[in-house]
There are 2 protein chains.
Amino acid sequence: MDLQECLQKNESSRRTDRSLVRVCDLTPDTAGQTVWVRARIHTSRAKDEEVRTDRRRGADGQTKRCGRTDEEVRTDRRRGADGTDDEEVRTDRRRGKQCFLVLRQQQFNVQALVAVGERASKQMVKFAANIVDVEAVVQKVEQKIESCTQQDVELHIQRLFVVSQAEPRLPLQLDDAVRPDTDGEEEGRATVNQDTRLDNRVIDLRTTTSQAIFRLQSGVCQLFRDTLTKKGFVEIQTPKIISAASEGGANVFTVSYFKTSAYLAQSPQLYKQMCICADFDKVFCVGPVFRAEDSNTHRHLTEFVGLDIEMAFNYHYHEVIESITDTMVQIFKGLRDNFQTEIQTVCKQYPSEPFKFLEPTLRLEFKEAVALLRSAGVEMGDEEDLSTPNEKLLGRLVKEKYDTDFYVLDKYPLAVRPFYTMPDPHDPKYSNSYDMFMRGEEILSGAQRVHDAQLLTERALHHGIEKIKAYIDSFRYGAPPHAGGGIGLERVTMLYLGLHNVRQTSMFPRDPKRLTP
Amino acid sequence: MDLQECLQKNESSRRTDRSLVRVCDLTPDTAGQTVWVRARIHTSRAKDEEVRTDRRRGADGQTKRCGRTDEEVRTDRRRGADGTDDEEVRTDRRRGKQCFLVLRQQQFNVQALVAVGERASKQMVKFAANIVDVEAVVQKVEQKIESCTQQDVELHIQRLFVVSQAEPRLPLQLDDAVRPDTDGEEEGRATVNQDTRLDNRVIDLRTTTSQAIFRLQSGVCQLFRDTLTKKGFVEIQTPKIISAASEGGANVFTVSYFKTSAYLAQSPQLYKQMCICADFDKVFCVGPVFRAEDSNTHRHLTEFVGLDIEMAFNYHYHEVIESITDTMVQIFKGLRDNFQTEIQTVCKQYPSEPFKFLEPTLRLEFKEAVALLRSAGVEMGDEEDLSTPNEKLLGRLVKEKYDTDFYVLDKYPLAVRPFYTMPDPHDPKYSNSYDMFMRGEEILSGAQRVHDAQLLTERALHHGIEKIKAYIDSFRYGAPPHAGGGIGLERVTMLYLGLHNVRQTSMFPRDPKRLTP
């Protein structure tokens, strides 16, 4: 049992050349092969009645953990297509109890059959969440195993070793955690509430849904960066500890910094603009931004990931809008084309309509939006900002009229934008600023910035803002006209997938009431 | 002068289809073409004596700003190869004063000739740092202009507009800021000290050296992520505001968090390990890490960018070492193959030997390093950690013996590593841990982690560490064996380029004494 001990301790005492096969690679092509697989036990059961009544076995919500249903397998159903299968089951049965396992690796799982006895103890297969190494023969199955991602094969386990043992009781059951809320309500089955999920995030992140969400999110970042790099943007790293609250003193976290105080950056705004003043021309950054806002809503976090863009333009800030919307379109296309598995996985638990977008991206002016809203009965002033409900209503109206889930709202009233926003040269009540929306919720706010030190001073005075000398000084030595915007990563992921809470798309979310784990 | 006004205000009043040509694209192929270029005035001078005595004109350190040497151009030298050139100069001369400009765009610059008079005022061309739009004819030159990156052509300006005007006096001169320290000393010319640079970082970042450093750094991040993505790693985003100081209470910044206190993460250590426990298998992250260390050295920052890796392995942590070293090798190769312009640009100011590495990467054991050091006269104990001078000496010894600037030091004494480090199964005095070095300085620290909750508890007790229940709990529900490491981005850039201060590779560095800009 030397190998078994080695695996159980896993302290790298020696190397082996044995290769492990990925669960997602277990296809009919591998049938007949003997393979080694490392995976987590997803479910384990030894009861056969269910097998006869329900051919969909495995992670179908019907399974019970072996610990509760530890009985001898008496199944006599036929499996496999090669005739040797039934024989082997009988052979196994003679050796001891038999167990059906579902083995899981990230988003993928496969059914496996093991004889509990001399080669695998009850303890080994009893607990879901144990990580095991199995040596097994891949067998084709006659009827698709609909509850597993690998539907055409199952594993006949010959040897099994425990790599890491889990405590008997998980704080939440993965099958409960991926159950659609509606199924839970209709069928009276357990679902898992959000606080329990987040309190036990390590377990919750193991669900197929979480695995899919965060792999897709990783894709959003990659597509964002790759698209911008191709467009000639340079990635920058901006400091998060800053000496002054750049965007006004409110909603900023204070840090004790040696013998003085500092703040956490509410955005990389000042620094990305400084990079433009420093001739970097087109820059982006991906990093945390911090908002000390006591907002307990479905879409606010105190720490989130900002995808930020700033770009010098030639003649018109619409060049920047076009760069950003094209980047978003490349993200949407990349997700659609390369993350279908993830999208479908999330849809199983959280059904939503596929995300729709136009090329080129629809750009509406604020005035047009006000007109649309008024035609739907909303009463609002010309220069009044959009409320969150009105944004959502507008999203529905735009979807009806233009059939798109993504659009730009341009030319906001100057009064509702920050002091550094460039006024509209044709109408001083408006500004060269824009928001972008996905499924009726804001994901980006941006504008052409005032790049003239004198005008910036005037605008700041007008807003009663002081103590921004350092910021204004950046523009004294020549600054090109520029515009940009900041995108909330978690919101993009949430809204692309049609989810309803930004905490689902933040691995370890931070809000006024949550600092752990 | 409508266009001129439009450009000067730059508030996007209207769009034009006029395209701008990049300075780096001004090659002999474009000779004879009339082009529009937007660039900064790098230098401007109207004096001709220097032209006669020094054919290397432009950014060669000999130039004086127009503001100080504003005299009529009386040059009669021949330029161009097409015969029309001299004629045009004469024509221009009749119209008014003539000025030689060097126009700069990031790392690239080109010489340009403009007649100051009815089409361009003295004010327009006087100040270095003004951003201008010029309409100009590209002309081949007979003798290479060695002081410019575009050596084979110059621009004959027909129209010039100021896009953004700079204040007359820059806080530092760019030519001074790119002068090698040795030249400054030998020739008694000005160089710029580090505090002046950092106090005026926006100007300092405009130098060709800074432009090259941060473009190369952007490449390090891209190569890091692309290599790991190809290897199947998933990018994660970990929280920076945390509830407990995960790696001991020292050196941690405190944040006021609503009615309670929180900390800034000293590394993503805990969170990336939690992702491994959550079945993400292989993860990386790029983000700020915070160290409240009162270290005022050339290589310490209070905020830097961590390139972090964590990976479940199959049988031996050397699998992880190999993944990391291969990633580093891919970065080195990518930089060598795709960033030669940047490397050469930095070398002009800061000469260094090309960075050498081996394939596969050299891996030495700690014991071997101690033997090497002892053979060089160093006295040290078997289980004593390496001091910084000894690390540097070791780097030189390794370079002499193996001809590599990059290597791994494996199997550190257990006593000098954190409690979560896996002991060496063959010798409990040592551990499955490693550092990686570039040019004799540490850039990565890593190890196999203890993944067993019980052993982790024992090791924590042994180190007298408490209050880490949340951390240990992550391992109770099955954790695969895993290892990883954290790389300091600024150090990688610094050491790859052979620079000597990490502040040169941090855009807006933070140390105990610097919080601005």
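**Questions on the model**

Tutor: Asp279(A) lies in the loop between α10 (269-277) and β10 (282-290) of chain A, where helices (H or I, at least four residues) and strands (E, at least two) are DSSP runs numbered from the N terminus. This is a predicted model in which local features need pLDDT of at least 70 and side-chain atom pairs count only at pLDDT 80 or more, while totals for chains, interfaces and linings use all residues. Residues are numbered from 1 along each chain as its sequence is written, chains are lettered from A and ligands numbered from 1 in the order in which they are written, and side-chain values use heavy atoms, with hydrogens and water left out.

Student: What is the phi of Asp279(A)?

Tutor: Asp279(A) is not a glycine, and yet its phi is positive, at about 75 degrees.

Student: What makes the link between Glu359(B) and Pro360(B) a cis peptide bond?

Tutor: Its omega is about -5 degrees, and Pro360(B) sits in the loop between α12 (340-349) and β12 (362-365) of chain B. The bond from Thr516(B) to Pro517(B) is also cis, with omega near -5 degrees, and Pro517(B) is found in the segment after α17 (489-496) of chain B.

Student: Why is the pair Glu442(A) and Arg491(A) called a salt bridge?

Tutor: The term requires a side-chain nitrogen of Lys or Arg within 4 Å of a carboxyl oxygen of Asp or Glu, and the closest N and O atoms of Glu442(A) and Arg491(A) are 3.8 Å apart, so the pair qualifies. Because Glu442(A) belongs to strand β15 (residues 441-448) of chain A and Arg491(A) to helix α17 (residues 489-496) of chain A, the pair ties together parts that are 49 residues apart in sequence.

Student: What area is buried between chain B and chain A?

Tutor: About 9000 Å² is buried between them, of which carbon and sulfur atoms give 57%; buried area is the accessible area (1.4 Å probe) that two parts lose on being put together, summed over both. Arg15(B), Tyr315(B) and Tyr477(B) supply 10% of the area that chain B buries against chain A, more than any other three residues.

Student: How do you know which relation holds between chain B and chain A?

Tutor: Chain B can be laid on chain A with an RMSD of 0.0 Å by a turn of 180 degrees and a shift of 0.0 Å along the axis, the copies being superposed by least squares on the C-alpha atoms of residues with pLDDT of at least 70 in both. This is therefore the relation of a two-fold axis. In chain B, the C-alpha nearest that axis belongs to Val255(B), 2.2 Å from it.
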